[in-house]
Amino acid sequence: MNTPHESAVLVAEEFVALYGREPEGVWQAPGRINLIGEHTDYNDGFVLPVALPHAARVAVARRDDGRVRVHSSQGDGVVVEFTVDSMAPGSVEGWAAYPAGALWVLREEGHAVPGIDLHLDSEVPFGAGLSSSAALQCAVLLACDELLGLGIERPRLARLAQRAENDYVGAPVGVMDQTASLCCTEGAALFLDTRDMSQRQVPLDLAAGGLVLLVVDTRVEHGHADGAYRHRRAGCERSADLLGVKALRDVDVEAADGAALDALLARLPEEELRRLTRHVVTENARVLAAERLLAAGELRALGPVLTAGHASQRDDFAISCPQSDTAVDTALAHGALGARQTGGGFGGCVIVLTEPVRVAGISAAIEAAYAAEDGWNAPAFFTATPAPGARRLG
Ligand code: GLA
C-alpha cells in the first residue's frame with residue numbers, strides 16, 4: 001500500500017487529468033473492523049470498532065455553476081453528472097449514490113452546497129464488510145465540511161452520513177461505521193454508546209501484548225440494502241416494543257446471563273424474537289466486558305469474548321455463513337485466542353486474535369479448508385493495526 005501522502009499526490013494527479021484543473025484539497029476516511037458489538041448500533045447499544053489503514057480518498061474542487069461531477073477509480077470510467085438542485089433519493093444510483101447522498105444530506109440540513117468536482121479512489125475492498133460505503137461518504141462529508149467551513153462536529157457528521165445511507169441510498173444501517181471512520185484514532189479502539197454518541201478512545205497496543213489481529217476476507221460478498229439486515233432490525237424493534245422498552249439497549253445487561261434473561265425472553269411470543277433479543281442483550285454485555293479487558297491491558301482475555309460473540313451471531317442472530325464459521329473454527333483449532341465474523345454479516349471478514357507466530361499456520365489451514373470445499377473463493381488475509389480516523393491529506 002502507498003503511504004497516505006503518496007496516495008494523496010496520485011489522487012490529485014488523477015483529478016487534474018480528469019477535470020483539467022487542480023483540486024482544492026484531498027481528504028481520506030478509513031474503513032473499519034469491529035472488535036465486538038454487532039447489530040447493537042441500531043438498538044441504541046455499544047460498539048467497539050477500530051479504523052483500518054485502508055481508506056477512501058477524495059480530491060475536491062468547487063464549481064460556480066451548481067453542477068456536480070463524480071468519478072471513481074473503482075467505477076466504470078464514467079464521470080457521473082447531475083445538478084445540486086436535482087438531487088433527491090433515487091436520483092443517482094450505483095456507487096455514485098454514496099457521494100451524492102453526502103451532498104444531498106448537507107443540502108437537506110440547510111447548508112448552501114455549491115457545484116463540485118469529485119474524484120474518488122478507495123483501497124477499502126467493496127462488499128467485504130469493512131465499511132467501504134461509509135468510508136466514501138465520510139471522506140466526501142468531511143471534505144465538504146472543511147472546504148465550506150461548516151464546522152460540524154464529527155459525531156454529528158457521522159449521524160449525517162448515516163442519514164444519507166438510510167434515506168438516500170436506502171440501507172437501514174446504524175451509526176457505527178460512520179462514527180468509526182470519522183472518530184477513531186491511531187492505536188485505539190473506539191468505545192461508542194450509539195444512544196448519545198458519547199465515546200472514548202481505548203488504547204489497543206496489540207504488539208506490546210505480543211498479539212496480532214488477522215483479518216480473513218471470506219470473499220463472500222454481503223449487502224445491507226437487502227432484506228436480511230432489514231428483517232433483523234425490524235425484529236429487534238418489535239421485541240423492544242413487546243418488552244415495553246425504547247430499544248433493546250434498555251434491557252438490563254445484568255440480565256445477560258441466566259435466569260433473569262430467560263424470564264425476560266419468555267415474555268416474547270416467537271422463538272425468532274427471543275433469539276434476536278438474546279444476541280443483542282448478550283452482545284452489549286460483551287462490548288462492556290471487552291472494553292474493561294482492554295482498559296486493564298488484558299488483551300489475551302479478549303479472545304473468548306470474541307469467540308462467544310461469533311457463536312451468538314451464528315446461533316442466535318443467524319448471520320454467519322459456512323465460510324465465516326469455517327474460518328473461525330479453523331483459526332481456533334490452530335491456536336487462535338479468539339475469532340469472530342465482523343460487520344453486518346452473511347460473509348465479509350473474520351477477525352482472529354492470535355500470536356504473530358501462528359499467523360502463517362492459521363492462514364494456511366483456512367486456505368486449505370476453503371480449497372477443500374466446492375465453489376468457495378480463496379480467502380484473502382491481512383493484519384490490522386488501529387489507524388487514524390478521517391482527515392485532510394493535502
Ligand atoms: C453494518 C452496518 C452497521 C452495523 C453492522 C452490524 O456494518 O452498517 O451500522 O449495524 O452492520 O453491527
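I started at G344: a polar backbone atom there is 3.4 Å from an oxygen atom of the ligand, a polar contact (a pair of N or O atoms within 3.5 Å). Taken alone, the ligand exposes 300 Å², and the protein buries 99% of that (Shrake-Rupley areas, 1.4 Å probe).

This is a predicted model, where local features need pLDDT of at least 70, side-chain atom pairs count only at pLDDT 80 or more, and totals for chains, interfaces and linings use all residues. Residues are numbered from 1 along each chain as its sequence is written, and side-chain values use heavy atoms, leaving out hydrogens and water.

Next I looked up two other contacts. A side-chain N or O atom of R32 is 3.0 Å from a ligand oxygen, and a backbone N or O atom of G174 is 2.9 Å from a ligand oxygen.

Which residues come nearest to the ligand? I found E38, H39, D41, D177 and Y229, out of 14 around it (a heavy atom within 4 Å). The shell has 4 nonpolar, 6 polar and 4 charged residues, with Gly counted as polar and Tyr as nonpolar.

Notes
Polar contact = N/O pair within 3.5 Å; in protein donor to acceptor, adjacent residues only side chain to side chain.
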